[in-house]
Amino acid sequence: MSALTQSTPAAAQSDAAPEKELRPPSYWPFVVPALIVVLAIIIFPWVFTIWMSLNEWKVGSPTTFVGFSNYLRLTGDPRFIEAVGHTLVYTVLSVVLPLVFGTFAAVVFHQKFAGRGFLRGIFIMPMMATPVAIALVWTMMFHPQLGVLNYLLSLVGIPAQLWVFHPATVIPSLVLVETWQWTPLVMLIVLGGLAAIPTEPYESAQIDGANLWQVFRFITLPLIMPFLFIAGMIRMIDAVKSFDVIFAITQGGPGSASETINLYLYSVAFVYYDLGYGSAIAVVFFLLIVLLAAVMLYARQRMLWTEIASDA
Amino acid sequence: MADHKISRRTLLTGTAAAGALSLTGLPARAEVNWKKYAGTKLEVILAKGPRGDNLQKYVKEFTELTGIQVESEQIPEQQQRQKCVIELTSGRPSFDVVHLSYHVQKRQFEKAGWLADMTSFMKDPTLTAPDLVESDFSAAGLQYCKNDKGQMLSLPWSVDYFILYYNKELFQKKGVAVPKTLDEMVAAAEKLTDAKDGTYGFVGRGLRNANMTLWTNFFLDYGGEFLDAKGNILTDGPEAVAATKLYQTLLTKMAPPGVAGFNWMESMASFTQGKSAMWIDGVGWAPPLEDPAASRVVGKVGYTVVPAGPKGQYSATYGDGLGIAAASKNKEAAYLLCQWAVSKAQGARLLQAGGGVPFRNSILNDAEVQKGVKMPKEWLQSVIDSAKISKLGLPVIIPVAEFRDLVGAAVTATLAGSDPAAELKKAHDQFRPILERSEKA
């Protein structure tokens, strides 16, 4: 710190001098507050988490340094391995489904028809609601005996389902909630993309006699691809770290059939008070998110590259 | 929660009874100096529920008696437990008095040394009313509040016995007698189940973790013990397998669909809707069952003890107490509050409203107090009978939550058709190292 403050007047003096390389240091003091904040609330907690993950750190007991043994424990922990699987299934489904439905909704709402603005407004309402409140309402709707969903199914002759109360259907049921809530977000993003597409390609396609599917597949889809990637990225990050809806509806149950990494992490750290092991899970979880994001970015870059190549 | 109001009459009888007790010619002792700590301000952290309500509702009387100001907050149970642990770990908790769940926190709190020792306070006649003596607490209460050195670390507040609730109307319709043994219960449940009609013989907790409280009652009735002399966990032996098979039969063949995700709330909903004929859970649910606004089975509910198993008859017991944070600077004042909260007048109010059962025999067995109980007489009788067959419903270990999660998940998995013995073995292979690690620490 002192070095920085001392360098300030020196830099200011050199301001008059012609050497431009000496100018940048004079801006440093202005960066310091932001730097301190970043260090305090992002870097420090991370370094500290990594440090905790290298210790046996249980609330109420003394801590001991154990090296990588928490990480080794992870590899032999069936609950963790299952949680990774649940997280991946949950994430894939709750990224793909909103993307598909959201794109479809966007194409529909891009057409001009009476009451479009009003219906768009209605359509994006789920997005505005509080996840926990939504979760509680859905819990009631899922109830196998008293819930409205089974009643609706019975009207069309489908037998009652167990929804979130059976290990085999719990994740799809949770994804249903997630899809219902987040399809509107994808729609909004894709609508923005559609608005930016020029009309000429469509006119020429019409002249060439393309059908609706061909128009969508070869004109609309490639042109909104960058927007879909953004939407997919946002959805992926949201879905991986999804906690509130799952916790409020199933708490990871029945058994541990819907326990994702995030829920397991919560249990370990704040119910079992095993902060060391919990930190190790957090670190691995973080790496997983980084990895997924990197894969998506890589895919995006490849896609741009093939696009350019096919253009050439 | 439905109705915790106390009529003026019951209040008067309660107070009169308390007054009468002090006149019963006990040998002259030094008086409790209630006003000694006047002006002190206490902070109390409570788990949300009828106990907390009961304290907050009448705490003004305590302030009038002692001149001690009380600030209290009620937080939902799970969050309250987390908040307490985090604050106590920090060494500077924001509260003086803490409401603790014995069946989850006893060993953790003892090992960490978070609670102040009350032993000397209880022996001090200027601090302790003559009617508050150790022997007045039930055996389960003493087991909970004392550590292995015999120190009193908290005052037992309210006990929760598991009892059998049954729907008299459904029983009559099918001509079924109230079961005395678990075998009879299965037979009765089978007769009472009519899936076409949407009624089922039995309902109970199926949700992982929550289900352990029901399962352990079966386990105890099959002669199970949680720990051996060396502290090894025993919940995967033949008793456990037998208990799990019973649990599996009841909850897959005679319970409503989706029971694997039921906690007490969903179970209660099924029972209050008249969709399930029997329900085993804690005694504290009588008020909502008898509340016309929340229940369709008002006046039709029977209450009795949990049926006997082949190796005994037990009521799985849980409970909560009030302790003083070791870091508190107002330990004596805090002790006065704890004492007042478990006093006869407060305990009577709790029992009479059905919001909890005091650990103190002098309250439970007092005819005057019993007269004021608003719940059906059968309920009170089931409480008194359960007290005689009470046995702790969870092992006294630190990783109770892990135990409940892992073994609970195994038990829930059997509801989807898994083999009980294999599931229990798998769960214990996971749990044993966790228990060993916690004991070593």
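In chain B of this predicted model, 27 residues of domain 1 are in contact with 23 residues of domain 2, two residues being in contact if their C-beta atoms, placed from the backbone, lie within 7 Å. Helix 17 of chain B gives the most to the side of domain 1 that touches domain 2, with seven residues. The elements that give two or more residues to this side are helix 4, strand 4 (154–167), helix 17 (377–388) and strand 10 (390–392) of chain B. Helices (H or I, at least four residues) and strands (E, at least two) are DSSP runs, numbered from the N terminus.

Residues are numbered from 1 along each chain as its sequence is written, and chains are lettered from A and ligands numbered from 1 in the order in which they are written. As the model is predicted, local features need pLDDT of at least 70 and side-chain atom pairs count only at pLDDT 80 or more, whereas totals for chains, interfaces and linings use all residues.

The contact between the chains takes 27 residues from chain B and 24 residues from chain A. On the side of chain B that touches chain A, two or more residues each come from helix 3 (77–90), helix 4 (102–112), helix 11 (264–272) and helix 18 (400–414) of chain B. Helix 18 of chain B gives the most to this side, with six residues. The classes on this side of chain B are 13 nonpolar, nine polar and five charged residues. For the complex, the predictor gives an ipTM of 0.77 and a pTM of 0.81.

Chain B has a mean pLDDT of 91, with 93% of its residues at 70 or more; pLDDT is the predictor's confidence in each residue, from 0 to 100. Over residues 19–28 of chain B, pLDDT stays under 50, and the model has three contacts beyond four places in sequence for this stretch.

Chain A contains 14 helices and two strands.

Methods. Nonpolar A, V, L, I, M, F, W, Y, C, P; charged D, E, K, R; others polar.
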